[in-house]
Amino acid sequence: MLGACDGYPRDADAMTAKAAQRGMRVGASHDPPWLLVAADGTVGGPEAALAERFADAHGYALTWVPGGHDALMRDLARARLHAVAGGHHPDSPWKPDVGWSQPLRVRASPDGPMPERRIALPPGQSAWHLAFDRYLLAQDAAP
Amino acid sequence: MSTDGIRPPARELPAAQRDALRHAERLCWWTLLWVSLASTLMYLSMGGSQAMKTALVEDMLSLVPPIAFLVASRFRRKGVDAEYITGRERAFDINFLISAVALTGVGLALVYDSLHTLLTATRPVVGSVVVAGHAVWQGWIMMAALAASAVPPVILGRRKLELARQLQLKPLHTDADVGKADWMTAAAGIVGVAGIGFGLWWADATAALVIAGSVLHDGVTNLRGAVRDLHDARPQQLDRSDPDPLPERLCTRIAALPWVEGCAVRLHEEGLHVSGLVMLRNRTLTAAQAEEVRAAARAVDWRLDQIDVSLDPE
């Protein structure tokens, strides 16, 4: 794969190593039908399933952190979360402050629409960001 | 309106200098073309790098001197008329002031921006781009764009500097100087982005701060130069180092005239030319003697234009 040199690029806050050691912490902002946060804190929906598949593929444990969108994005900007799914508005004031994945290409129902949706990633974590995007592209390429 | 009192047109530039000015204008047009292309490339690939943003601003800024040079050059050619009774030789001085103010202002803004990023420990965002179906770290694209943006200022800057040195064109020298800051900026930007790749979030903002410092230094130096020029301060050499040997050469040449008992000169720069006063320590001065002094001055250097002669027996 292009540019897949071991150890370059790296993370500013060792997010990849933290995911391997302590698991991924992913913020979940209720955003039906793409990401659903139940009253008991259970997280579901196609975007949640995508994050879980990514964690499984890399052998990371995944902890969901449900919460309000702004509070989650603040934590993401400080690299306290590995990602935030759901609740992103196209004109979000957070847009320049955090990283954004490649488009997710998920549908809420088998023949439903596929709008351009992305997951927010922590800034400065180049290796982590690249690994997430490569996973998304591999998913797209899969039959 | 009466035409009395209108200054004679500025001294015609020698053929070599005239050609050089035309050549310089063509180089400026090339600069505009290449820098615009490089800036577009950088804008499309810049991601969240502070150093790259700073390099882009520096790139856009480097458009100001060639634009000002082209405008000034065109304006200057209109020469003396009923409105501009002493000519338009100072067009290049105004161009110089505009470039200096722009550089200083943006330098200050960039220093603030980089310091803010460093002090708030903001992590730069560098994501990925899809190339032929593969996700590639955006940093590679950014470094390639920065490297490409460094090529035109290196080539055009060297040519401008040669031309400026050869033909004593100070505005072109300033333009070449800004071009030099431009490729150094690109180099610092590459270091900054490479630093992000090593997980050193502060490398980017530090590189940006170094670039911003160099922009500010350029701005302040040029601003001081512009203030000097507008005050008719004593002439400086092409690279603005002191002193320009021209006044000394002129004085020596005038003092060598057999009837001159002593002389002093008070010269200042007016765009491409140098004008001023020759003060003779004689008791009397005839019109023929004054003309002899002016002719001798014109023979010393093509830059000497309007020379007034007066008596200064003290």
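Trainee: I began with Pro9(A), which lies in the segment before helix H1 (15-22) of chain A. What kind of peptide bond runs from Tyr8(A) to Pro9(A)?

Mentor: Keep in mind throughout that this is a predicted model. As a general idea, most peptide bonds are trans, and most residues other than glycine have a negative phi. In this structure the bond from Tyr8(A) to Pro9(A) is cis, with omega near 0°. Another cis peptide bond joins Pro32(A) and Pro33(A), where omega is about 0°, and Pro33(A) belongs to the loop between strand E1 (24-28) and strand E2 (36-37) of chain A.

Trainee: Where does Arg105(A) lie, and what is the value of its phi?

Mentor: Arg105(A) sits in the loop between strand E6 (99-100) and strand E7 (120-121) of chain A, and its phi is near 55°, a positive value in a residue other than glycine. Arg105(A) is partly exposed, with 13 other C-beta atoms within 10 Å. Ala121(B) is placed in the loop between H4 and E1 of chain B, and because it has 12 C-beta neighbours inside 10 Å, it counts as exposed.

Trainee: How should I read the confidence values, and what is the mean pLDDT of chain A?

Mentor: For chain A the mean pLDDT is 91, with 95% of its residues reaching 70 or more. The stretch to treat with caution is residues 1-5 of chain A, where the pLDDT is below 50, although this stretch has eight contacts in the model beyond near neighbours in sequence. Chain B has a mean pLDDT of 86, and 97% of its residues reach 70 or more, while the model as a whole scores ipTM 0.90 and pTM 0.79.

Trainee: Turning to chain B, how many helices and strands does its secondary structure come to?

Mentor: There are nine helices and five strands in chain B, following the pattern α-α-α-α-β-β-α-α-α-α-β-β-α-β along the sequence. The C-alpha atoms of chain B fill a box of roughly 85 × 35 × 35 Å along the principal axes, and buried residues make up 45% of its 314 residues.

Trainee: At what angle do H6(B) and helix H7 (residues 201-230) of chain B pack?

Mentor: Two packed helices are described by the angle between their axes and the distance between the axes. Here H6(B) and H7(B) pack at an angle of about 170°, with their axes 7 Å apart, which means that H6(B) is roughly antiparallel to H7(B). By class, their contact has 14 nonpolar, seven polar and three charged residues. A further case is helix H1 (residues 15-45) of chain B against helix H5 (residues 138-167) of chain B, with an angle of about 170° and axes 10 Å apart.

Trainee: Is Thr185(B) buried or exposed?

Mentor: Thr185(B), a residue of helix H6 of chain B, counts as buried because it has 31 C-beta neighbours inside 10 Å. Not counting residues up to four places away in sequence, Thr185(B) touches Ala55(B), Glu58(B) and Ile211(B). The C-alpha atoms of Thr185(B) and Ala55(B) are separated by 5.6 Å, although the two residues are 130 apart along the chain.

Trainee: Which residues touch the most other members of the largest nonpolar core?

Mentor: In soluble globular proteins, nonpolar side chains tend to be buried together. The largest nonpolar core in this model has 97 residues, of which Val26(A), Ala28(A), Ala83(A), Ala85(A), Met52(B) and Leu146(B) touch the most other members. The largest share of this core, eleven residues, comes from helix H6 (residues 170-197) of chain B. A second, separate core of 14 residues includes Leu246(B), Leu267(B), Val274(B) and Met279(B).

Trainee: Finally, how many residues of chain B are in contact with chain A?

Mentor: On the chain B side, 21 residues are in contact with 23 residues of chain A. Strand E1 (128-131), strand E2 (134-137), H5 and H6 of chain B each supply at least two residues of the chain B side, and E2(B) gives the most, with four residues. The chain B side divides into twelve nonpolar, eight polar and one charged residue.

Methods
Residues numbered from 1 in each chain as written. Chains lettered and ligands numbered in written order. Predicted model: local features only at pLDDT ≥ 70, side-chain atom pairs only at ≥ 80, totals over all residues. pLDDT = per-residue confidence, 0-100. Contact = placed C-beta atoms within 7 Å. Core = buried A, V, L, I, M, F, W, Y, C linked by C-beta atoms within 7 Å. Buried ≥ 20, exposed ≤ 12 C-beta atoms within 10 Å, placed from the backbone. Axes fitted to C-alpha atoms, helices over the stretch in contact; angles between N-to-C directions. Nonpolar A, V, L, I, M, F, W, Y, C, P; charged D, E, K, R; others polar. Parallel < 35°, antiparallel > 145°, perpendicular 65-115°, else oblique.
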